[in-house]
Amino acid sequence: MIGEMYQNWFLEYASYVILERAVPAVTDGLKPVQRRILHAMKEMDDGRFNKVANVVGQTMQYHPHGDASISAAIVNIGQKDLLIETQGNWGDERTGDGAAASRYIEARLSKFALEVAFNAKTTEWQLSYDGRKNEPLALPMKFPLLLAQGAEGIAVGLSTKVLPHNFCELMEASIKHLKNKAFELYPDFSTGGYIDVSNYNDGARGGKVRVRARIEDVDKKSVAIRSVPYGVTTSQLADSILKANDNGKIKIKSVSDNTAADVELIVQLAAGISTDQTIDALYAFTDCEISISPNACVIINDKPHFVSACELLKESVRETKALLLRELEIKLSELEEDWHFSSLEKIFIEKRIYRDIEEQTTWEGVLAAIDKGLKPYKKQFRREITQDDIVRLTEIRIKRISKFDAFKADEHIRGVNDNIAEVKHNIEHLNDYAIKYYEGILKKYGKGRERKTEIRRFETIQANTVAIANVKLYVNWKEGFIGTGLKKDEYLFDCSDLDQIIVFRKDGKMIVTKVSDKIFVGKDIIHVDIFRKNDERTTYNMVYLDGKSGIAYGKRFNVTGITRDKEYDLTKGNPSSKVLYFTANPNGEAEVISITLSPGSKARVKNLDFFFETMDIKGRSAGGNQVTKYPIKGIKLKEKGKSTLSALKIWFDPSTGRLNKEENGQLLGRFAEGDRIIAFYKDGSYELTDFELSNRYETSDTLLIEKFHPENIISAIYFDAPGSQYYVKRFVIETQTLKNKFSFIKEGAGNELVLVSTHSEPVAIIRSGKKKSEWTEEQLGLSEYTEVTGWKAIGKKLNINDVKEIALIPNGENDAESPTLF
């Protein structure tokens, strides 16, 4: 008995929480408390602001819960800046600062809310919890509010998380859907920043988005965080940075929060730490990057359903069309009534039917007299004349009859007929009418609601590659121990506690293990290093003795992928095999070794040279090539090797602003030691960098990036804003400092690099003229127009007036132009 009661009560409670508290309805995108707040505010609306405390009190007539939950819900709606106009301190979702007490802040419905969310004629009503008032079952929402605002809630046994989307993009997607065109929807957050939507999965269960703060270099010693990820406050972000520093994942001096109108956290770096590495580490180890998993659960027909963002939009469009149709039908009915009574009134007065009632002494006689007088004209009407119509005629005052204007009456009836025709046309073409409605909403309210979160593809940051070396590694070569706690043994190098360590032993075995305090990896260690997964350039050169045959074999191999803590045999696997010679070469170097054979061997020549460059680089399991079948006394290095690998191919991916070896984006070329990359920026500066894959380039500011050739002549056109003048200059890069920006255009607010090329003979197309219809086009050979000067020179004035557009005739990949129209 008790079990049955518990089961029923729990199910009732679970249903109540799901339907009445935590999960929004698909019809209007609102939870019950939000709906009741908006309804209460509509009742109070007189165009002026109301104290939020008063709104809370009004809402409590409909919401059977405490004032705290109502106040929190009002603040949540107000901070989204869509349905409620606010006044006072409403807090800041970026910093986590709370709103002032409800008695100190004010609110009113926005014009947008009044237009899209309310219509008493199309609203279905129900009694409030105490039966004293009517409240809406759902607001007649003609807008995808749930997708615009987002929603989050935890119920019994399920939860919902709908991410907010961009206002303008929702309107455009709705229009596309009505036109039977494909559309895509991606989240947009008021906090800005970056978002990777590669795995968004249309907002359905199982999807994921990665969100990042916007981080910029300030100088070589500090970086600035200009936004926070959605759902993270500046204080939480600062705490996560300090925690990562305490754990040794990053090295910083301090974090200062200067957030005011805009987010700004300044991170001061420790000595010797690069900004590029720090930015990567901030994304890898702090809340500067977070993952959000959407889970769109909504109430449809009093049941929770899991849907996608596009399905939500389609449902909203369907609901909006139904509401627009209902509004049109109501309007048509009202217009038909207007036409009916206006025509009835015109005949009643013009034909002086009111005189027929003068001699009547009873109410029934009055009604019968009017009905008799209207009989000849009944066929002109579109519906039957009812007794209510006749009663209404009796209510016309003498003053109105005496001032009746037949011309105005005819004009009014014609206007009503025109309106009826228009409404009927809109009903017949409901799709077009809905498109026009959405276009009107977009035009009226879309300004200032452009996308704030930039969509871009994030590179994958391997935590161990950006982690700061925060521990020291020691080794006991003979006993076979390595670890960070062996401080009495030999120090090897600094590493991160996230690193993996590769170990080679004299018996020809190899193992990769994680950094730990102390671990046994096998006796007679010959080489220890940090293991870099998928490293195809580090090459190991080895000579080993096969324990079964006594033959010495040489091999060159890479170690790209392994199973951690698994022992691998690099020999043929026979007992008593051992390594005679071993080197690790970070760039595929192949040395020459001198081999001395045992004096008692039968070989006539007891000394021989072995060239590793004659061997191919193979996998670790390869047996190798025979070096000699005779016993070896010793092996010495004779000549250091040169790299046998081709120069490294490097690509630049504009979508991430990063260099890579995976063939993503633009091929910059082959790079060997000492080669450089040059980047030109829109602010008129250039920067030389190495080709480390950790380098970052802000693609929105970068005009050209390529392999640097010192002999190339740089041709550029820039705009001097204070003088409203274009300049042409040609120069050679004279600086060699890496990761320092050098400005080569005149200093001044608004000055901008328009075009840059490293081609030997670049040609620009210049379009000029006061009116676009009168534009002229001229080709300008930059190498002929001006001579090569120093990189600090101002350049030569462009002697063309009213320049409107400058473009570059493509000569190849080594030129670029700004897409801006001037």
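What follows is a chat about a predicted model, covering a helix, some strands, a pocket and the cavities.

Student: Fine. Let's start with helix α4. How far apart are its end C-alpha atoms?

Tutor: They are 18 Å apart. Helix α4 covers residues 67-79, and at 1.5 Å a residue its 13 residues should span 18 Å, so the two values agree.

Student: Which α4 residues are buried?

Tutor: The buried ones are I70, S71, A73, I74, V75, I77 and G78.

Student: And what covers them?

Tutor: The cover includes helices α2 (32-44), α3 (52-59) and α6 (145-149), along with strand β2 (84-87).

Student: What comes after α4, with a positive phi?

Tutor: That is D81, with a phi near 55°.

Student: Switching to strands. How do β6 and β7 run relative to each other, parallel or antiparallel?

Tutor: Antiparallel: four bridges join β6 (residues 151-154) to β7 (residues 159-162).

Student: How many bridges join β9 to β14?

Tutor: Four, with β9 (residues 208-212) and β14 running antiparallel. Here V211 stands opposite I290 in β14.

Student: There's an open sheet with β18 too. What is its order?

Tutor: That one reads β20-β18-β19-β23, again four strands, and the pairing is antiparallel. At the edges stand β20 (490-495) and β23 (519-520); each has a single partner strand, so one side of each lacks a neighbour in the sheet.

Student: What joins β18 and β19?

Tutor: Three bridges, in the antiparallel sense, between β18 (residues 471-476) and β19 (residues 481-483). N476 of that pairing stands opposite F481 in β19.

Student: What about β21: why is it described as largely enclosed?

Tutor: Because five of the six residues in β21 (residues 500-505) are buried, the strand is largely enclosed by the rest of the structure.

Student: Which strands does β21 pair with?

Tutor: With β22 (residues 509-514), β21 pairs in the antiparallel sense over five bridges. Five bridges also join β21 to β24 (residues 525-530), and that pair runs antiparallel.

Student: What stands opposite I502?

Tutor: In β22, V512 stands opposite I502, and in β24, D529 does.

Student: Which residue in the β21 and β22 hairpin takes a positive phi?

Tutor: G508, near 85°; the hairpin has three residues between the strands.

Student: New topic: open space. What volume does the second largest pocket have?

Tutor: About 990 Å³. It is lined by 36 residues, and the closest to its centre are E216, D217, R696, E698 and K741.

Student: Which elements give two or more residues to that lining?

Tutor: Those are β10 (215-219), α9 (275-285) and β38 (685-689). β10 gives the most, with five residues.

Student: What lines the largest cavity?

Tutor: The lining includes V26, D28, F143, L147 and S316. α6 provides the largest share, three residues, and α10 (309-350) also supplies at least two. By class, the lining has eight nonpolar residues, three polar and one charged.

Student: And the second largest cavity, what is its volume?

Tutor: About 40 Å³. Its lining residues include L147, K161, H165, Y200 and L312, and the elements giving two or more residues are β7 and α10. That lining divides into eight nonpolar, three polar and one charged.

Methods:
Residues are numbered from 1 along each chain as its sequence is written. This is a predicted model: local features need pLDDT of at least 70, side-chain atom pairs count only at pLDDT 80 or more; totals for chains, interfaces and linings use all residues. Side-chain values use heavy atoms; hydrogens and water are left out. Two strands pair if DSSP finds at least two bridges between them. The expected span of a helix is 1.5 Å times one less than its number of residues. Buried means under 20% relative accessible area, exposed over 50%, partly exposed in between (1.4 Å probe, protein chains only). Contact means heavy atoms within 4.5 Å. On a 1 Å grid over the protein atoms alone, a cavity is a set of points where a 1.4 Å probe fits but cannot get out, and a pocket is an open set with protein on both sides within 12 Å along at least five of seven lines; lining residues have an atom within 4 Å of a point. Grid points are joined across faces, edges and corners, and a volume is the space filled by probe spheres set on the points. Ala, Val, Leu, Ile, Met, Phe, Trp, Tyr, Cys and Pro count as nonpolar, Asp, Glu, Lys and Arg as charged, and the others, Gly among them, as polar.
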